[in-house]
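Please examine the model shown below. The report that follows describes selected parts of it.

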Amino acid sequence: MADERRADAGGTAWAGRAGGHRGVARSGRTRWWARASSAARRVPEPWGFVLAVFVGSKLVLTLVGVLVLTAWDGVPGAPPAAETGMREQQDAISSHRWISLWFAWDSFLYDHLARLPLDRPWTDFGFPLLYPFLARPLAPLLGGHTAWALLLVSNVALVFQLYFAYRLGGRLLGGAGPDDARRAVRYLLLLPTAFLFQAALTESLFVCLALAAFWYAERSRWLLVGVIGYFLAMSRSVGFLVVVPLALVLLREHGWRAGPRAWPRLLRQGWPLLLVPAGWLTFMAFCRWQSGDWFAYQHAQETGWGIRLQNPLGVAGSALFGGNSADALRVWIVVAMVAVAAVGLRRRADWPYLVYTLVVVLVPLSMGPPVYKSLLRYLLAAFPVAFVLARWARRPGLDGWLTAALALLQGALFAVWLTYWTHLII
């Protein structure tokens, strides 16, 4: 009995110590979680949600990307012969796939522009310069890696893009609460090729600036709209045409009155919109300064890629009935997005966003067949489509099905992009 009591006492003492250790561990975890929760609550709304979505999407896409690439390594003939050069360029940027997978084709051209010396004659005019020039001051902080600086610019722009999508989406969807705003952010990241927002490309920067311009236009901050629009036009050639839908926001604010008697008031309030085309004129002036040709960018695109202004409807028709299944798929996705925009933005109050969508969709098509390979990339600029889908997803039962369908489509396109058939996407 004495031995049993000693054993029981020992066991009880051990259990007490173990329970004490578990209690301390639980207490430590509780304190850690409480501190994390307290810190999260101190983050101003909506930055907590925005940062969580950014980090979550980054982790999910990176994990999926690495898994797909690892599985693809065992496929005979991978990568395709036409893509081996790009694989070598990716390896030169980083041996870590979770970094290098975010670089493809135009990323390397932007890297080249970010490294070109400014004290020598400039010969590369095919791309607007805002994106590569933003990477220049960041590169020394990253050991001189301009490619990494480009990726940093894209991802910082994505964070602010999600912020402005939250603000603008919530306002356009009714502004009754955070659910609409969060749904707008989610559907923006569910667009078919939204994974490109994470890549070293101009998509996140352009959409960030476009969302910011419209957000401040909705709040009648026209000087700020003009400054943002100036940089928007310097980020991509279609950017200066965004002045048209922005002007429609101004016109809507004045009850759609555009007669001669309304001109003084419209000009007094909306003159900063002149800064939007001034952004593209700045790039043209750079071309003139460096080459003596105001249209050096146009001539570079014509000789380098065969891009010429054409009827966008004729270009779309030739793709749909030209016998190339990849081109037809791209244009059918264009048709679907335009149809969604036309139905969802038919209200008069939404006309500025319908016009914006038509501009960013039809302008790439007007450049002719050479842009087919990048068409799915250019469609990312049509952010109002995501807001329409978010509005429709209010209906019970539709949100889940729509989210699943878009996630599967994006996952399939992401896998195609990763497995080096990138020219289906960009």
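Is Met234 buried or exposed? Met234 counts as buried because its relative accessibility is 18%; buried means under 20% relative accessible area, exposed over 50%, and partly exposed in between, with a 1.4 Å probe and protein chains only.

This is a predicted model, in which local features need pLDDT of at least 70, side-chain atom pairs count only at pLDDT 80 or more, and totals for chains, interfaces and linings use all residues. Residues are numbered from 1 along each chain as its sequence is written, and side-chain values use heavy atoms, leaving out hydrogens and water.

Met234 belongs to helix H10. Helices are DSSP runs (H or I, at least four residues), numbered from the N terminus. Leaving aside residues up to four places away in sequence, Met234 touches Pro128, Leu129, Leu130, Gly279 and Thr282, where contact means heavy atoms within 4.5 Å. Between Met234 and Val276 the C-alpha distance is 8.9 Å, although they are 42 residues apart in sequence.

Trp271, by comparison, is partly exposed, with a relative accessible area of 46%. Its place is the loop between helix H12 and helix H13.

The buried residues of helix H8 include Asp180, Arg183 and Tyr187. Among the elements that cover the buried residues of H8 are H7, helix H9 and helix H20.

| Helix | Residues |
|---|---|
| H8 | residues 178-188 |
| H10 | residues 222-235 |
| H12 | residues 263-270 |
| H13 | residues 275-291 |

Terms used:
Helices (H or I, at least four residues) and strands (E, at least two) are DSSP runs, numbered from the N terminus.
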